[in-house]
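Subject: Structure for you to look at

Hello,

Here is the structure I said I would pass on. Please open it first and keep it beside you while you read the notes below.

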Amino acid sequence: MTTTPNTRPLRSNADLVRFHLVRTQDITGVSGTGQVAGGVIFPDGTVAMRWNTATSSTAIYDSIDDVEDIHGHDGATIVALIDRRETTDS
């Protein structure tokens, strides 16, 4: 999975960053394709994400990297950022 644009929103004192989870291929046959979920990355890097499926659910993750690891399906899904912000490593 790839996060777009290339600026990675890991941790910042800035505002929240919104994103969509976009699938080009539905590996599991559950979520479909297109914008399958939406979420927000909090300034401390924590992520809240809500699925746009028939049986919706909301999940909390420690980081956007965790979202990518769990839901990326070897490049079949991308994180499309709606907002941009500067990033820091601390």
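**What I found**

Helix α1 is followed by His-73, a residue with a positive phi, near 50 degrees.

**Confidence**

The mean pLDDT of the protein chain is 81, and 78% of its residues reach 70 or more. Confidence is lowest in strand β1 (residues 2-4), where the mean is 49, and highest in β5, where it is 97. Where pLDDT is low, the predicted coordinates should not be read in detail.

**The chain as a whole**

How many helices and strands does the protein chain have? It has one helix and six strands. Read along the sequence, they follow the pattern β-β-β-β-β-α-β. The chain has 90 residues, and buried residues make up 38% of them. Its accessible surface comes to about 5,200 Å², and carbon and sulfur atoms account for 46% of that. Among the contacts with a separation of 6 or more, 55% are between residues 24 or more positions apart.

**The helix**

Helix α1 covers residues 64-71. Which residues of α1 are buried? They are Ile-64, Val-67, Glu-68 and His-71. Seen down the axis of α1, these buried residues fall within an arc of 95 degrees, so they line one face of the helix.

**The core**

The largest nonpolar core has 15 residues, and the members that touch the most others are Phe-19, Leu-21 and Met-49. Which elements each supply at least two residues of this core? They are β2 (17-23), β3 (34-41), β4 (47-51), β5 (58-61), α1 and β6 (77-81). As general background, nonpolar side chains in soluble globular proteins tend to be buried together.

- Val-17 lies in strand β2. Val-17 counts as buried because its relative accessibility is 1%, and the cut-off for buried is under 20%.
- Ile-60 is found in strand β5. Ile-60 has a relative accessible area of 60%, and so it is exposed, the cut-off being over 50%. Once its neighbours within four places in sequence are left aside, Ile-60 is in contact with Thr-46, Val-47 and Ala-48. Ile-60 and Met-49 are eleven residues apart along the chain, and their C-alpha atoms are separated by 6.4 Å.

**A serine in a loop**

Ser-31 sits in the loop between β2 and β3. Is Ser-31 buried or exposed? At 14% relative accessibility, Ser-31 counts as buried. Not counting residues up to four places away in sequence, Ser-31 touches Arg-23, Asp-26, Val-36, Trp-51 and Thr-53. With one of these, Arg-23, there is a polar contact between the two side chains, at 2.4 Å.

Asp-83 is in the segment after β6. Which residues is Asp-83 in contact with, leaving aside its neighbours within four places in sequence? They are Leu-16, Val-17 and Arg-18. The side chains of Asp-83 and Arg-18 make a polar contact of 2.8 Å. Asp-83 and Leu-16 are 67 residues apart in sequence, and their C-alpha atoms are 8.1 Å apart in space.

Asp-15 lies in the loop between β1 and β2. With a relative accessibility of 65%, Asp-15 counts as exposed. The C-alpha atoms of Asp-15 and Asp-83 are separated by 9.2 Å, while the two residues are 68 residues apart along the chain.

That is the end of my notes.

Regards

Methods:
Residues numbered from 1 in each chain as written. Predicted model: local features only at pLDDT ≥ 70, side-chain atom pairs only at ≥ 80, totals over all residues. Heavy atoms only, no water. Buried < 20%, exposed > 50% of the residue type's maximum accessible area, 1.4 Å probe, protein only. Helix = DSSP H or I, 4+ residues; strand = E, 2+ residues; numbered from the N terminus. Arc of directions from axis to C-beta. Core = buried A, V, L, I, M, F, W, Y, C linked by side-chain atoms within 4.5 Å. Contact = heavy atoms within 4.5 Å. Areas by Shrake-Rupley, 256 points an atom, 1.4 Å probe, with all protein chains shown as cover. pLDDT = per-residue confidence, 0-100. Polar contact = N/O pair within 3.5 Å; in protein donor to acceptor, adjacent residues only side chain to side chain.
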